[in-house]
Amino acid sequence: MDITVPRAADFDDISGLFSLAFHDAPEPEVVDIERSVFEPDRALLVRDAGVPVAHATAFTRELTVPGAVLPAAHVTGVAVAPTHRRRGLLTALMRRQLREIRDAGREPVAVLWASEGRIYPRFGYGLAARRCTVQCDTTELRLPDPGPAAGTLRLGRADTHAAELARLYERVRADRPGWSGRDERWWAYRLADLASLRGGATPRRVLLHDGPTGPDGYALYRAKEEWGPTGPCGQVLVEEVVAATGEAYVELWRLLLSVDLTRRLSFRYAALDEPLFWLLNEPRRLGAQLADSLWVRVVDLPAALAARRYATEVDVVLEVTDDLLPENTGRWRLVGGPTGAECVATTAPAGLACDVRALGELYLGGTGLGALGAAGRVRELVPGTVAATAPAFTWHRAPSPMEVF
């Protein structure tokens with residue numbers, strides 16, 4: 001069973017493999033919208049007697065990292081048929097994919113969402129970002145009283161406001177690690193409002209906030225009708241909240257938390273530093289639960305570490321091991337700060353030692369170097385190096401992915 005590069009015409013077969021592996025049966029309209037972002041030249045497919053049995057691919061997108069935006073392979077569509085598990089097919093796909101990304105020389109990191117967290121560490125992926133899921137009763141939640149009105153809210157449809165949404169997203173994305181770039185194709189995919197995916201909720205609503213200089217925030221949400229013995233108890237399903245100003249953020253949430261005939265709200269992609277936690281009168285009632293999100297794989301170590309910025313000045317020698325991409329194995333001197341960085345091979349003694357997975361965990365600024373040291377994932381070869389280096393790998397905003405790809 002050889003690994004091949006499929007054609008666009010193979011997508012229906014590949015979609016059938018997804019359905020088998022992930023236990024779903026999407027409607028034809030869902031398959032068509034997934035087809036619109038498929039990149040066959042980046043896909044890897046294994047067939048057995050003509051039947052697809054294993055697959056992996058990647059999307060060509062940008063990723064915001066601390067202080068920079070860079071190309072990143074957005075790995076997705078990883079599936080193995082239940083009849084072909086434990087045959088090394090996943091390992092073969094992951095090894096080849098990483099090698100191709102490295103050899104192409106365009107994307108210093110790869111990133112993915114994991115269906116199960118135990119799968120990808122063996123391929124060098126580290127958990128780089130987490131999120132909070134919010135499920136709350138809104139009846140007693142209150143935001144600070146509004147100040148003098150300086151902005152207004154308006155509702156609309158995605159098809160008439162797509163350009164405004166894209167401009168706002170790009171404006172905010174530059175400062176939010178974990179957000180992925182969206183070209184026209186990805187905006188069409190993101191805003192596709194398929195009835196089969198609404199789960200009984202309304203069509204998607206677009207809520208825009210206009211500040212003194214124009215649009216400065218938006219929210220995407222749905223509402224779900226529900227009635228109980230005492231009256232209405234509907235739910236607001238929040239998909240995205242993007243705000244360039246503090247006022248826009250507060251006013252968007254003020255409406256979302258008080259939609260008529262609703263008493264509950266859910267939001268799957270709250271950041272760990274979501275300002276809402278510090279604005280509400282009773283944040284405990286948000287019912288926030290911690291979940292994983294982005295896993296990062298450093299593919300080209302010196303290029304990746306030089307591409308991002310660092311919260312404080314750093315000068316450290318790292319001794320790194322990488323079993324799958326041996327080019328990353330060795331000693332590397334990282335010198336950088338808030339305005340730039342350089343990473344070069346060196347023979348100097350190392351202050352810290354780790355595997356490439358640990359660098360992925362540190363990469364977006366959401367994992368503490370001290371925590372990895374305490375867990376034994378990073379070894380301190382020179383006393384005091386963890387404490388001296390840890391502040392540099394942090395960032396002023398937590399990584400906060402906005403979408404599953």
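Two strands count as a pair here when DSSP finds at least two bridges between them. The model shown in every view is predicted.

**View 1. The whole chain in outline.** The secondary structure of the protein comes to 11 helices and 21 strands. Along the principal axes, the C-alpha atoms fill a box of roughly 65 × 60 × 40 Å. The radius of gyration is 23 Å. A compact globule of 405 residues would have a value near 22 Å, so the two agree.

**View 2. The open sheet from E1 to E6.** Seven strands line up in the order E1-E2-E3-E4-E5-E16-E6, and their pairing is mixed. Strand E1 (3–4) and strand E6 (126–127) stand at the edges. Each has a single partner strand, so one side of each is left without a neighbour in the sheet. E1 and strand E2 (residues 44–48) run antiparallel and are joined by two bridges. Isoleucine 3 has valine 46 in E2 as its bridge partner. Helix H1 (residues 11–22) packs on this sheet. H1 touches E2, strand E3 (51–65) and strand E4 (68–80). The direction of H1 makes about 75 degrees with that of E4.

**View 3. The open sheet from E8 to E15.** This sheet also has seven strands, in the order E8-E9-E10-E13-E14-E7-E15, with mixed pairing. Strand E8 (152–156) and strand E15 (289–292) are the edge strands, each pairing on one side only. From one strand to the next, the twist averages 25 degrees. Strand E7 (residues 130–137) and E15 run antiparallel, joined by four bridges. Arginine 131 has alanine 291 in E15 as its bridge partner. Helix H4 (residues 158–173) packs on the sheet. H4 touches E8, strand E9 (205–211), strand E10 (214–224) and E13. Its direction makes about 120 degrees with that of E10.

**View 4. Strand E17 and two of its partners.** Strands of a sheet pair through backbone hydrogen bonds, either parallel or antiparallel. Strand E17 (residues 314–321) pairs with strand E18 (residues 330–337) in the antiparallel sense, over seven bridges. Valine 320 has glycine 330 in E18 as its bridge partner. E17 also pairs with strand E20 (residues 352–355), here in the parallel sense and over four bridges. Threonine 321 stands opposite aspartate 355 in E20.

**View 5. The second largest pocket.** Its volume is about 340 Å³. The lining of this pocket has 20 residues. Nearest the pocket centre lie Arg176, Ala243, Tyr249, Pro275 and Arg397. By class, the lining residues divide into 13 nonpolar, three polar and four charged. Strand E13 (234–243), helix H6 (246–256) and strand E14 (262–270) each supply at least two residues of the lining.

Methods
Residues are numbered from 1 along each chain as its sequence is written. This is a predicted model: local features need pLDDT of at least 70, side-chain atom pairs count only at pLDDT 80 or more; totals for chains, interfaces and linings use all residues. Side-chain values use heavy atoms; hydrogens and water are left out. On a 1 Å grid over the protein atoms alone, a cavity is a set of points where a 1.4 Å probe fits but cannot get out, and a pocket is an open set with protein on both sides within 12 Å along at least five of seven lines; lining residues have an atom within 4 Å of a point. Grid points are joined across faces, edges and corners, and a volume is the space filled by probe spheres set on the points. Ala, Val, Leu, Ile, Met, Phe, Trp, Tyr, Cys and Pro count as nonpolar, Asp, Glu, Lys and Arg as charged, and the others, Gly among them, as polar. Contact means heavy atoms within 4.5 Å. Axes are lines fitted to C-alpha atoms, for helices over the stretch in contact, and angles run from 0 to 180 degrees between N-to-C directions. The radius of gyration is taken over C-alpha atoms; the globule rule is 2.2 Å times the number of residues to the power 0.38.
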